[in-house]
Amino acid sequence: MQNRKGRADGEETKKRIFAAAAELFAQRGYHNTSAKDICSAAGVNAAAINYHFNGKDGLYEQVFSAAIEHFLHLDFLRALDESHATAQDKLDELIEHVVANILEERSWHGKVWAREIVTPSPMINTVLVNEAHTRASIIKKMVMEASDFNAPDDDVTPVYALFTLLAPCMMLMIVNPELPTPIQPIFSRPQSELVAYIKGLVRNQYPAK
């Protein structure tokens, strides 16, 4: 019973550290957030971060990975890719999924992404290789299947296809809708309109089957 209680307390401590770190990394970025800051916000001692996450770098890697997963659920992408839906229906569902994840909950995830783009952390290469590349490969495959285009290995067209889809989604993700930016009016438009616009970008460049 005592061991079970200890494990439960340990998991609670780990969750508290992660939550505090996510908010601080979102507000200040990796470089301006210290392990001491995180410990203070989480109400734990300095050894707790090392014990649960192998230090600040390991903790940030998990936070950044979680930010990617928040917008692009890997299980969803794999299931969609393996489904029997038509290529165009897969692409449409993908776009709807991503836009909904971005717009329906404005949390720390997008802010972490934004700060990572502006001031990359030392973990960016590791996280991109471990988390982003797998997702990008699946998305690129779905875009190309929907476009009915068979590109040779040295053709950059699939990369442009991926860019066409992800660029507007990244803008929606990292721009604060409350700031008076040139694209602020977009955030007051219906979600369905944004989805239709992004679908149109892809379809206009790569005709669907």
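Grid points are joined across faces, edges and corners, and a volume is the space filled by probe spheres set on the points. By that definition the structure holds one cavity of 30 Å³ or more.

Before going further, let me say that this is a predicted model, in which local features need pLDDT of at least 70 and side-chain atom pairs count only at pLDDT 80 or more, while totals for chains, interfaces and linings use all residues. Residues are numbered from 1 along each chain as its sequence is written, and side-chain values use heavy atoms, with hydrogens and water left out.

First, the chain as a whole. It has ten helices and zero strands, where helices (H or I, at least four residues) and strands (E, at least two) are DSSP runs numbered from the N terminus. Along the principal axes, the C-alpha atoms fill a box of roughly 60 × 40 × 35 Å. Of the 209 residues, 42% count as buried, and here buried means under 20% relative accessible area, exposed means over 50%, and partly exposed is in between, with a 1.4 Å probe and protein chains only. The chain exposes about 11,800 Å², of which carbon and sulfur atoms supply 53%; accessible areas come from the Shrake-Rupley method with a 1.4 Å probe, and for residues only the protein chains shown count as cover. If we take the contacts (heavy atoms within 4.5 Å) with a separation of 6 or more, residues 24 or more positions apart account for 76% of them.

Now back to the cavity. About 30 Å³ of space lies in the largest cavity, and its lining is made by Phe-25, Gly-29, Tyr-30, Tyr-60, Val-112, Arg-115, Glu-116 and Thr-119. Helix H7 gives the most to that lining, with three residues. By class, the lining divides into four nonpolar, two polar and two charged residues, where Ala, Val, Leu, Ile, Met, Phe, Trp, Tyr, Cys and Pro count as nonpolar, Asp, Glu, Lys and Arg as charged, and the others, Gly among them, as polar.

Thr-33 sits in the loop between helix H1 (2-28) and helix H2 (35-42), and it counts as buried because its relative accessibility is 1%. Its side chain reaches the backbone oxygen of Gly-29 at 2.8 Å. Leaving aside neighbours within four places in sequence, Thr-33 is in contact with Leu-24, Phe-25, Arg-28, Ile-38 and Lys-56.

The largest pocket has a volume of about 510 Å³, and of the 23 residues that line it, the closest to its centre are Trp-113, Ala-132, Ala-136, Leu-166 and Met-170. Two or more lining residues come from each of helix H4 (56-71), helix H6 (87-103), helix H7 (108-118), helix H8 (124-147) and helix H9 (157-174), and H9 gives the most, with eight residues. The lining of this pocket has 20 nonpolar, one polar and two charged residues.

The second largest pocket has a volume of about 270 Å³, and of its 14 lining residues the closest to the centre are Arg-106, Lys-111, Val-175, Asn-176 and Pro-177. The elements that give two or more residues to this lining are H7 and H9, with H7 giving the most, at three residues. Here the division is seven nonpolar, three polar and four charged.

Ile-174 lies in H9 and is partly exposed, because its relative accessible area is 31%. Although Ile-174 and Lys-111 are 63 residues apart in sequence, they are 6.3 Å apart in space, C-alpha to C-alpha. Not counting residues up to four places away in sequence, Ile-174 touches Gly-110, Ala-114 and Ile-117. Thr-164, also placed in helix H9, is buried, with a relative accessible area of 13%, and a polar atom of its side chain lies 2.8 Å from the backbone oxygen of Tyr-160.

Technical notes. Polar contact = N/O pair within 3.5 Å; in protein donor to acceptor, adjacent residues only side chain to side chain. 1 Å grid on protein atoms, 1.4 Å probe; cavity = no way out; pocket = protein on both sides within 12 Å on 5 of 7 lines; lining within 4 Å.
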